[in-house]
Amino acid sequence: MTNLQGSFVALPTPFTKDDKIDFKGFETLIERQIKYGSSQVFVLGSAGEVTLLTLEEKKEIVHEVIKIADGRIPVFFGASSPTTAQSIEFAKYIESEGGDGVIFTVPPYVLIPQTAAFAHFDECMSAVGIPCGIYNNPSRLGVHVSPETIKKLSDKHPNFVVDKEAMGSVEQLVQVQRLCQGKVKIMCCDFPKYAIVLPTLAVGGTGTANIGGNIIPEESALYSRPWTSVQVMEEGRAEYFKWFPLLQKLYDFSNPIVIKAALDILGLPGGRLRRPYQEYGGERRNELERLMGELGVIDKYGVRK
């Protein structure tokens, strides 16, 4: 099984000027993550505008991205769909193409109870043999996956390897770690209003499933390391505190709006949004560019044209 730890970067989906998938752009973004020490990447998550892609586009992304990565960095794909059956079908496709793992969510909008959430994940994880994870993101999906549900899944499915947490509850982190006893790796989002990066690592979590690594990949890798020593803890904490203002700015709007603007400022592919998203512009974008300049991000990562 893949040993998930460190910086697990959720990539945006790059689009061309005529709104097609930009696979050369994907190649640039993935090469950059490999170069700067990210441990794995996540494709077709909320940062990837996944609900704005057709099934045919998603399948094409899976097929092409696996070829681009070529085994050099683990790639997990979001397999969630509106129904359990569709989620299973897509997860099987990802497995057949050679994906390293799949991430499931509760289907959006339907607001199911815990019994239905367990049944959904149970069926999905039973359908494939590759590593699986869940993304617990109640602010976007409307359903919180309880620690008890996560434990039941962990007890039944050895291929359930990671719980990506995106909620502002340290109790959730403690309970998942206590109940699952490390069988499921906890990795948290880097949303600064929750600020659960340090608590996640403190309770035994193994890293972050983040968007910040799209802009500061090397620095995100440093503060996402599991705490194996006091030195690693102190270094990670200092890095996280240093870059916290940038994370605040990157979450000025929901993913991937600001991330794509920051990529565009750096001269990297991925800056175009698909409607109904609107571009991040005006004084807000100017403030983002100023902050990136002050922190040395543009000097380090900017692409000279």
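Okay, so the crossing of H4 and H6 is right-handed, meaning the near helix is turned clockwise from the far one by less than a right angle. Helices here are DSSP runs of H or I, at least four residues, and strands are E runs of at least two, numbered from the N terminus.

Quick caveat: this is a predicted model, with local features needing pLDDT of at least 70 and side-chain atom pairs 80 or more, while totals for chains, interfaces and linings use all residues. Residues are numbered from 1 along each chain as its sequence is written, and side-chain values use heavy atoms, leaving out hydrogens and water.

Back to our pair. H4, residues 114-126, and H6, residues 147-156, pack at about 25 degrees with axes 10 Å apart. So H4 is roughly parallel to H6, a label for angles under 35 degrees. The axes are lines fitted to C-alpha atoms over the stretch in contact, with angles from 0 to 180 degrees between N-to-C directions.

Who touches whom? On the H4 side it's Gln114, Phe118, Phe121, Asp122 and Met125; they meet Thr149, Lys152, Leu153 and Lys156 in H6, contact being heavy atoms within 4.5 Å.

Now the sheet. 8 strands close into a barrel, E1-E2-E3-E4-E5-E6-E7-E8, with parallel pairing; a pair needs at least two DSSP bridges. E2, residues 40-43, pairs with E3 over 3 bridges, and valine 43 stands opposite phenylalanine 77.

E3, residues 75-78, is covered on both faces: Val75 and Phe77 on one side, Phe76 and Gly78 on the other, all buried, so under 20% relative accessible area with a 1.4 Å probe, protein chains only.

Key
Parallel < 35°, antiparallel > 145°, perpendicular 65-115°, else oblique. Buried < 20%, exposed > 50% of the residue type's maximum accessible area, 1.4 Å probe, protein only.
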